[in-house]
Amino acid sequence: MTNDTSTLTDRAHARTGMLYAALAYIAWGLFPLYFKRLSEVNALEVIAHRTVWSLVFVALVLAGLRRWAWLRPVLRSPRLLATCALSALLLSSNWLVYVWAVQHGHVVEASLGYFINPLVNVMLGFVFLRERLRPVQWLAIGLAAAGVVWLTVTAGRLPWIALVLALSFGFYRLMRKTAQLGALEGLTLETLILSPFAAGALIYWTVQGSSAFASGDAGQAAWLLLAGPLTAIPLLLFAAGARRITLTTLGLVQYLSPTIQFLLGVWLYHEPLAGARLVGFVLIWSALAVYSAESLWRSRR
């Protein structure tokens, strides 16, 4: 009877975790709707607002949870602070390129960056953490590389938005892996490091009369203030979900986000997806299918 109860509890725990993770990735997938709404605001200013209001929101959450004990030892560790400063720079760069891409009609290419990011993570693990790659993983990376080459040849240029997003987020995750901080604490420290620069820039732009706040558009200001909770809440959902489900399941759920972005780019914003370009995407989707199937098979064994 006890084992049956334990099994039911574990299943309920896993279902809850799946729900949390799915909601997080769905929210991230819908981000183009939000950033398109702010197309009239410079991408750099959007990131400055996102940084400041994210810090305000996560600080309120931590105050409510009374979870500040971690901060003192972190501030006394120059090495950890340096790691988090680098991760903060990578995160802000990722945010900036993504917002610019959405605002300028490159949602489909931005989605490509997050499609190939899992394979970039595998390669970074191989290069920097000396993790051994299995033959099927090499096959998946080869297919993804072929897709990127195809897109480069057919378009006459590198898909730089996708590559910058994939690489910046891949290196960001690599830095966070060595920092050993929780999702909420990590975001708090990163925005704490970035906020003096972001707040200074916002004050300067406002005094100069060139900021969104200086324009006096209350609706636009309200949308910018929403950047804090819209950044932090999906992260909290992700953290709660990741604790309850396996890494293999989480790896499959993560494709919700770029899939939603891709569909928004093609069907809502009518971005071009000619036959030649679609071939490149099919190669990359095939790589992800091979990688995911192999990971699922290994986890079941």
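Q: Which residues does T188 touch, not counting residues up to four places away in sequence?
A: Keep in mind that this is a predicted model. T188 has its place in helix α9, which covers residues 183-208. Leaving out residues up to four places away in sequence, the ones T188 touches are L55, V58, L62, W68 and W70.

Q: Is T188 buried or exposed?
A: Buried means under 20% relative accessible area. T188 comes in at 3% relative accessibility, so T188 counts as buried.

Q: Where is R66, and is R66 buried or exposed?
A: Look in the loop between α3 (43-65) and α4 (71-75), and you'll find R66 there. Its phi is near 55°, a positive value in a residue other than glycine. Exposed means over 50% relative accessible area. R66 has a relative accessible area of 77%, so R66 is exposed.

Q: What is the relative accessibility of R130?
A: R130 sits in the loop between α6 (107-128) and α7 (135-155). Phi of R130 is near 55°, again a positive value in a residue other than glycine. R130 counts as exposed, with a relative accessibility of 78%.

Q: How many aromatic pairs does a search of the whole structure find?
A: Aromatic rings pair if their centres lie within 6.5 Å. Searching the whole structure on that basis turns up 17 aromatic pairs.

Q: Why is the pair of F31 and F35 edge-to-face?
A: Planes over 60 degrees apart count as edge-to-face. The ring centres of F31 and F35 are 5.6 Å apart and their planes meet at 85°, so this pair is edge-to-face.

Q: What separates F31 and F35 along helix α2?
A: Both F31 and F35 are buried. They are four residues apart in helix α2 (residues 31-37), so what separates them is about one helical turn.

Q: How many residues apart are Y114 and F169, the two members of another aromatic pair?
A: Y114 and F169 make an edge-to-face pair, 6.2 Å centre to centre with 75° between the planes. Y114 belongs to helix α6 and F169 to helix α8 (residues 160-179), so the pair links distant parts of the chain, 55 residues apart.

Q: Over which rings do K36 and R50 lie?
A: K36 lies over the face of Y269, 4.8 Å from the ring centre. The charged end of R50 sits 4.1 Å from the centre of another ring, that of W95. The rings are therefore those of Y269 and W95.

Q: How are α3 and α5 oriented to each other?
A: α3 packs against helix α5 (residues 78-103) at an angle of about 130°, with the axes 9 Å apart. An angle like that makes them oblique to each other.

Q: Which residues make the contact between α3 and α5?
A: α3 passes α5 in a right-handed crossing. On the α5 side, the contact is made by S92, W95, L96, V99, W100 and Q103. On the α3 side, it is made by A43, L44, V46, I47, R50 and T51.

Technical notes:
Residues are numbered from 1 along each chain as its sequence is written. This is a predicted model: local features need pLDDT of at least 70, side-chain atom pairs count only at pLDDT 80 or more; totals for chains, interfaces and linings use all residues. Side-chain values use heavy atoms; hydrogens and water are left out. Buried means under 20% relative accessible area, exposed over 50%, partly exposed in between (1.4 Å probe, protein chains only). Contact means heavy atoms within 4.5 Å. Rings of Phe, Tyr and Trp (its six-membered ring) pair if their centres lie within 6.5 Å; planes under 30 degrees apart count as stacked, over 60 as edge-to-face and the rest as tilted. A charge sits over a ring if NZ of Lys or CZ of Arg is within 6 Å of the ring centre and within 35 degrees of the ring normal. Axes are lines fitted to C-alpha atoms, for helices over the stretch in contact, and angles run from 0 to 180 degrees between N-to-C directions. Angles under 35 degrees count as roughly parallel, over 145 as roughly antiparallel, 65 to 115 as roughly perpendicular and the rest as oblique. A crossing is left-handed if the near helix is turned anticlockwise from the far one by less than a right angle, and right-handed if clockwise.
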